[in-house]
Amino acid sequence: MGVRFRVPLQKLHPLSRAIYHRYSGNNNPHRTPHRTAARYFTSMSRLPMRPLKPPPRSGGHRYQQQRNFWVASLAARLLRLRYILLGTAVGGGYTAKKTYEEWKEMLPDFSEYNWVIPDFVWELSEQIDLDKLAKALPEMEDMAKLLPDFEKIGENFTFLKSLLSSGVSLGSEVKGASGLHLLLETSGDPALKATDASAGAAHDAGDKQYKKSSDKEKLDQLQEELLRTQLKYQRMLERLEKENKELRKVVLQKDDKGIHQRKVKKSLIDLYSEVLDILSDYDANYNTQDHLPRVVVVGDQSAGKTSVLEMIAQARIFPRGSGEMMTRSPVKVTLSEGPHHVAMFKDSGREFDLTKEEDLAALRHEIELRMRKSVKEGQTVSSETISLSVKGPGIQRMVLVDLPGVISTVTTGMASDTKETIFSMSKAYMQNPNAIILCIQDGSVDAERSIVTDLVSHMDPHGKRTIFVLTKVDLAEKNLASPSRIQQIVEGKLFPMKALGYFAVVTGKGSTGESIDAIKDYEEDFFQNSRLLRDGMLKAHQVTTKNLSLAVSDCFWKMVRESVEQQADVFKASRFNLETEWKNNYPRLRELDRNELFEKAKNEILDEVISLSQVTPQHWESILQKKLWERVSTHVIENIYLPAAQTIDSGTFNTTVDIKLKQWTDKQLPHKALEVAWETLQEEFARFMAEYKGKDQDDIFDKLKEAVKDEGIKRHKWNERALDSLRVIQHNALEDRSITDKPQWDAAIQFMEETLQSRLKDTESVIRDMVGPDWKTRWFNWTNRTPEQHVRNETKNELDRLLKLHDDHTAYLANDEVTTVRKNLEGRGVEVDPVLIKDTWHQLYRRHFLQKALSHCNLCKRGFYYYQRHFVDSELECNDVVLFWRIQRMLVITANTLRQQLTNTEVRRLEKNVKEVLDDFGEDMEKKTQLITGRRVQLAEDLKKVREIQEKLEAFIEALHKEK
């Protein structure tokens with residue numbers, strides 16, 4: 001039998017929130033909603049609600065017995081009204097007293113919140129107006145008025161006992177109308193208990209005077225009065241809760257301002273969230289798995305998961321879309337109480353004020369960006385978790401993980417494996433035996449279309465950690481022809497899955513612009529007017545998101561208290577295993593994780609770069625001069641010296657040399673010099689790193705150092721302004737022709753001789769490869785010439801005879817000479833191509849020229865005297881020696897210039913580039929993971945993580961015990 005006046009559902013909750021809890025003592029499923037709600041606040045719930053006995057049938061014996069007791073019947077009729085009023089007064093007074101006592105017991109134990117309120121609150125009462133809180137309490141006079149007049153009750157007891165002792169059984173007259181019978185049973189008076197049997201007989205005699213309709217009306221009146229009393233105390237309790245919330249907010253604000261200059265300890269939920277964040281990055285080894293509780297929110301796509309989370313967080317924090325997938329990666333939301341309604345990401349220091357619409361829009365945009373960034377190319381969803389914390393007044397403490405909605409079909413634009421990826425991701429979170437599964441079901445669609453219920457029932461078949469939530473109940477009531485279907489769902493009779501509890505919620509009208517307060521008002525108004533609640537299909541504690549958040553928070557903390565110490569023991573055992581492995585494999589090495597090893601390698605690399613400044617100038621110049629000549633010697637011989645040597649006289653020789661040197665200096669020489677300097681710097685850098693490797697260096701850094709060297713060299717660019725200045729220096733050096741002393745002349749001759757001998761050696765090697773092995777090699781090594789080598793050898797012999805006849809032959813063969821050679825070879829049966837003849841001639845003439853140049857070089861060793869006289873009255877001309885002296889002097893001056901630029905500028909710029917590379921690598925964890933590898937590194941990383949997790953867990957457990 002329901003009560004026909006409206007009671008705000010949100011206001012009934014704090015007194016009835018635990019009624020339908022799994023661990024509650026209420027196991028009677030047939031109790032009506034209002035009687036269930038009243039059970040905890042009045043003794044009326046203990047009255048036996050059995051139907052009235054029918055009036056006794058007329059009969060002789062029975063009629064005679066009634067006539068014998070006509071005096072008692074007459075007294076009962078006359079005094080009935082009096083005792084009904086008396087019993088009602090006594091029962092009502094007792095009910096009010098018991099309700100008041102239970103109300104006081106329901107008040108929260110403020111000692112549990114000592115960790116929130118600072119110590120100064122208890123010492124400095126003048127800073128807080130406690131009178132305001134005291135005024136909120138009911139006055140003693142008002143409470144006294146609610147209590148019965150115990151003097152009158154005593155007089156009534158005395159009168160009633162006298163009647164009962166005289167044999168008049170009237171107890172049954174008031175038994176069905178008030179709580180007096182309960183007082184009689186529990187008073188401990190044996191005389192009252194002894195009259196119970198006779199009172200039953202008298203009751204049978206008077207039952208025929210009343211009808212069932214009057215009993216129901218009285219029962220309705222009593223229940224209505226009871227609910228009114230409950231509502232009165234409920235309002236009083238809400239006022240106290242509001243005052244308490246304001247007081248805590250003031251205290252937290254004062255503490256935030258640093259009035260007492262003390263460090264505020266992290267809240268319990270923040271400590272727990274840090275542990276979960278560390279575990280999310282931990283690559284589990286030794287079968288150590290993360291079994292710490294969290295609330296996993298799963299549901300079909302567009303079932304209202306995000307809306308339920310926003311109602312629990314009391315802010316519209318998630319991006320929204322019309323039917324499209326918006327949740328593309330797991331979002332871990334840590335909810336906690338605080339003075340200000342703010343949100344913050346784990347890896348960011350920015351606070352979003354959730355009371356401002358612009359901050360809410362920025363937060364939604366940031367979440368959407370992070371989701372899209374976490375999704376790899378070609379994928380639709382990501383397993384990378386986004387960590388977000390939300391604080392605010394009145395928010396229940398818990399950790400929730402919002403997962404992408406389960407889909408049944410992959411649509412256009414999605415990756416082909418999206419469905420399987422979401423399923424595997426949901427299973428991975430739900431297979432945690434301590435995870436609380438918040439299963440969200442859309443009430444506006446057919447229950448048979450749900451996918452998530454089968455998935456949840458498979459992961460938690462007994463429903464020991466599942467809470468079922470039916471959303472969009474307003475649409476369901478409007479659309480369903482049979483509202484009893486909703487009742488079947490919330491009673492767990494429609495789905496095969498089982499759950500701890502079932503809830504029905506409304507999360508707005510579907511508009512993205514609705515505020516949380518507007519949604520709350522709409523939800524409350526809907527359930528107040530809903531026939532689902534009015535007709536008893538839904539119970540008061542099963543509706544509204546406020547009841548849901550309280551129930552989920554209770555289950556979450558109960559699961560945490562039951563499992564956290566066991567998890568701490570698991571990580572303690574894992575830590576022991578890792579430490580044992582380290583002691584056995586690396587007994588003399590410190591436990592350096594990847595970041596610490598990177599810092600050590602960074603210091604070594606910087607030391608090696610600084611060592612470049614220790615290279616002596618002589619070493620730099622020697623290396624630079626040697627490398628530069630190796631790079632340009634071919635050009636000097638082939639493009640400058642040989643063409644000039646073909647001239648007739650010394651004037652033409654010098655003119656040709658000057659022109660070609662000028663062209664070379666303007667275009668190629670400075671660039672070649674800078675290339676040589678840059679290569680020399682790289683080689684010296686690599687040499688120093690290799691020398692450090694030999695000094696007990698850890699080979700674990702080899703990949704990192706090689707990558708830093710390559711990247712540093714890649715980023716280094718030579719100063720472009722050095723090119724122009726170097727060109728001028730080289731041009732001036734080559735313009736000078738004055739050899740001042742004999743040692744310089746001898747040095748030039750030696751340089752020329754070494755160069756010519758080297759070229760002659762290379763030319764003879766090329767000729768040997770062309771003509772094949774000589775007769776000695778063929779005889780001792782049993783080798784033969786190829787047909788091409790045979791033709792080359794015959795051509796070489798013919799050209800050698802030509803050179804012997806014309807010792808001063810030019811560098812090129814005339815066409816008639818080529819024809820003559822070819823005909824001579826054909827006469828000996830050798831077919832030869834003119835191109836092959838010219839190619840062979842080039843190498844033979846080169847050898848012939850170099851041999852003559854070496855002979856001339858020996859003659860010029862005594863030619864310095866003639867040089868000083870400018871070769872006047874002398875047949876000896878040594879202009880080629882002067883050319884080589886100019887080249888040698890240019891090499892010396894260029895090497896000196898490059899050395900100065902290296903030591904003064906480029907080494908420092910290289911050091912700067914290497915530092916930048918190291919800084920970039922230090923910020924790139926993926927790069928460090930690629931470059932610093934090995935079991936030793938991974939073991940140190942695991943040890944660090946496990947120790948950190950264990951320490952965080954122990955700190956959390958200690959704080960948890962203090963809160964208890």
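This is a predicted model: local features need pLDDT of at least 70, side-chain atom pairs count only at pLDDT 80 or more; totals for chains, interfaces and linings use all residues.
Local features need pLDDT of at least 70 and side-chain atom pairs 80 or more, while totals for chains, interfaces and linings use all residues. Residues are numbered from 1 along each chain as its sequence is written, and side-chain values use heavy atoms, with hydrogens and water left out.

Start by selecting 617-645 (helix H25) and 879-923 (helix H36): their axes come within 8 Å and cross at roughly 140°. Axes here are lines fitted to C-alpha atoms, for helices over the stretch in contact, with angles from 0 to 180 degrees between N-to-C directions. Helices are DSSP runs of H or I, at least four residues, and strands are E runs of at least two, numbered from the N terminus.

Glu683 sits in helix H27 (residues 669-693), so the pair ties together parts 56 residues apart in sequence. A salt bridge means a side-chain nitrogen of Lys or Arg within 4 Å of a carboxyl oxygen of Asp or Glu; the structure holds 45 of them.

Now jump to Glu941 and Arg594, another salt bridge, at 4.0 Å. Glu941 is in helix H38 (residues 935-963) and Arg594 in helix H24 (residues 594-610), 347 residues apart. Glu941 is buried at 14% relative accessible area, and Arg594 is buried at 7% (buried is under 20%, exposed over 50%, partly exposed in between, with a 1.4 Å probe and protein chains only).

Last stop: Arg370 and Asp347, bridged at 3.0 Å, N to O. Asp347 is exposed at 57%, whereas Arg370 is partly exposed at 21%.
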